Amino acid sequence: MLLLLLLLSLVHVSVGAEPKVSKPGEYTGFSRPVYKEWTRISQYVAVRDGTKLAVDIFRPAQNGQPVEEPLPVIWTYDRYHRADVQKGKLVTQLDQEPWLKTMLQHGYVVGVVDARGSGASFGDVQEPFGIKEANDGYDITEWFAAQAWCNKRVGMFGRSYLGITQYLTAATAPPHLRAIFPEMALFDLYSFLYGGGIFRSDFADKWGRLVNRLDTANLAPPVDSDSNGEMLKEAIEMHRANRNVPALFAPLPFRDSVDRQTGSKFYLTNSPAQWLERVKKSGVAIYHMGGWNDLWPRDALLWYSNLSNPQKIIIGPWSHDDSRGFDLAAEHLRWYDYWLKGIDNGVMDEPPIQYYTMGAGPGREWRSASKWPVPQATQTKYFFSGGKSGSVSSTNDGTLSTSQPAETAGQDDYTLNYMTTSGTTSRWSNGYGQAFGYGNMLPNDQKGLTYTTARLTENTEVTGHPVAHLWVTTKAKDADFFVYLEEVDEFGGSQYVTEGTLRASHRALSTPGYNNLSLPYHRSYQKDSVPLREEPVELVFDLHPTSNIFNAGNRIRITITGADRDNASTPEQTPSPVVSILRNSAHASYIALPLVPVTAQDVAPATVATQTTLVNTPTPPKSYWPLTLVLVLAACLLLSSLLFVKLRRKAN
């Protein structure tokens, strides 16, 4: 009989055992979903200055009651409502971020807090990313840690604004904050709002309208104790004092511009980057997440490159509100299981950098690295040349090659066209909720200057930070320059890859107080501003980082325009001035592309499994049926033998 029980236990193990898998985007066998229910309550929590913040608390439950066992807490500081009422139905963060349900099932408490001055919280917002929001993060973290149902280990999650406030909170070093997972989060406020000195007016205006509407018109639900909504009404009245976003930033065109209302140099006091050293000293574990088509891929890499905390970073092909093809539940669970539950799942044993290469073959898209920029990348100069590429009817249809120009007087003249645009579904507009997708860039190319390679004879990978070097002359005192890196297909369609911008008067280079990845840095103080003269000047600026394989048979194109009317604010001059891009032996304009060697396997269907697979293709379950069948047959034979012996004894 003991042999039978042993055989039956082997059958059970062989059929029911879950293999242990822990790699980016895939996680099984290390922890189990033990709860099928959860409860939600909403209440106010007062922070140190007495401001009451609205908090939703979701707790795992059994038989309708929250479990009393102390569990880890993960929470977020939400600028866009912790919950909403849509068509009479309550829509919570769990509905907007379904992966949070997985966290509850695995034994985590989830908290969602309306930021001060928003939702149902009291207070107002006079200075985003300031000391008050940082202190709020500290106070809420420690409030969670003090609750009987918390095991004293707290983490944070969230994207965009909800990612930025994680860095702010970490900078205050709450004793019980162990790990954060900021997604698509800003590093340098000035470099975003005034990239190269050019105002992202469309974003400031549309995002400002969005938050104003959320703060004062589209009301969040009241907390449970506010049954008649009187406290919510009081909070909304306080929100009406929030600073108007476009009105705040439009008068601050330089990094050291002074805000008249507060008297502060806003970009120097309220940029998330100012918290860098304090975040580092906190020692909080950080999982940075970015996207090549996001607003802030450079920012994610700057956070990572300037911190010595336990950390990881992943950058996918995503825009601001997209992370398709990646299991957020699995990755958050891996991260928090390790840091908040002490489960040794190997998440910190992997290469710290995971990134997606667009255009790579199936199974080869995801790469890993231990350093950034990746050591195998070589900055290669592609020079602007005359002649005709025959690929586009642009102002000049110039060529692009690795051969330095020999001519002594080459240049391309361009009358600024203020109707050029990268479209209304750009990476910038996606940041405030618009759909994302550039489509064919050819119409924009035709209105600008272009430099296009011949058809590529081999696949060409660009991974890292392209850097533009433009030699220009003009009679105008200033001009804006937008440089686009594009891939031209065999039919002439042009696909957006990345871009960079610079207002010529902001061209002075300096050194920031942090690791800028050896990229050109424009301090953009007011005293640094230098108008253009009719003599040649060099403009040096980086494009947002990318990882893309330009396929053999396609072309690489650089397009230069003087405006992006749907996404940025360029002062129009009348008549439109002429700018000249110089491309001669004395003043050679070029784009430096970080090229990485490409193997045949990188673009062909993979024939072997890659080291790291992030795409959520389920791993086929191992087949245990042969072993199970043998064990079942053995058990049947044993039972038959025992029954035969027993019958013989009775017969005797």
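**Figure 1. Strand β14 and its neighbours in the predicted model.** Six bridges connect β14 with β15, and the two strands run parallel. Two strands count as paired if DSSP finds at least two bridges between them. Across this pairing, M289 stands opposite I314 in β15. Strand β11 (residues 177-183) also pairs with β14 in the parallel sense, over three bridges. Here the bridge partner of I180 is I286 in β14. Helices (H or I, at least four residues) and strands (E, at least two) are DSSP runs, numbered from the N terminus. This is a predicted model, in which local features need pLDDT of at least 70, side-chain atom pairs count only at pLDDT 80 or more, and totals for chains, interfaces and linings use all residues. Residues are numbered from 1 along each chain as its sequence is written, and side-chain values use heavy atoms, with hydrogens and water left out.

Figure 2. Seven of the seven residues of β14 (residues 285-291) are buried, so the strand is largely enclosed by the rest of the structure. Buried means under 20% relative accessible area, exposed over 50%, and partly exposed in between (1.4 Å probe, protein chains only). A285, Y287, M289 and G291 point one way from the strand, I286, H288 and G290 point the other way, and all are buried. β14, α12 and β15 form a right-handed β-α-β unit. A crossover is right-handed if, with the strands pointing away from the viewer, the path from the first strand over the helix to the second runs clockwise.

**Figure 3. Surroundings of N309.** N309 sits in the loop between α12 (297-306) and β15 (311-316). The residue is buried, with a relative accessible area of 5%. The side chain of N309 reaches the backbone oxygen of V279 at 3.0 Å. A polar atom of the N309 side chain also lies 3.0 Å from the backbone oxygen of V284. A polar contact is a pair of N or O atoms within 3.5 Å; within protein, one must be able to donate a hydrogen and the other to accept it, and residues adjacent in sequence count only if both atoms are side-chain atoms. Leaving aside residues up to four places away in sequence, N309 touches V279, K280, S282, G283, V284 and I286; contact means heavy atoms within 4.5 Å.

**Figure 4. Packing of helices α4 and α5.** Helix α4 (residues 131-146) packs against helix α5 (residues 161-171) at an angle of about 80 degrees, with their axes 8 Å apart. Axes are lines fitted to C-alpha atoms, for helices over the stretch in contact, and angles run from 0 to 180 degrees between N-to-C directions. The two helices, α4 and α5, are therefore roughly perpendicular to each other (65 to 115 degrees; under 35 is roughly parallel, over 145 roughly antiparallel, the rest oblique). E133, A134, G137, Y138 and T141 of α4 make the contact with Y161, L168 and T169 of α5. 11 of the 11 residues of α5 are buried, so this helix is largely enclosed by the rest of the structure. A173, which follows α5, has a positive phi, near 55 degrees.

**Figure 5. Surroundings of Q495.** Q495 is found in strand β25 (residues 494-503). Q495 is partly exposed, with a relative accessible area of 44%. Not counting residues up to four places away in sequence, Q495 touches L485, E486 and E487. Q495 and I556 are 61 residues apart in sequence and 9.8 Å apart in space, C-alpha to C-alpha.
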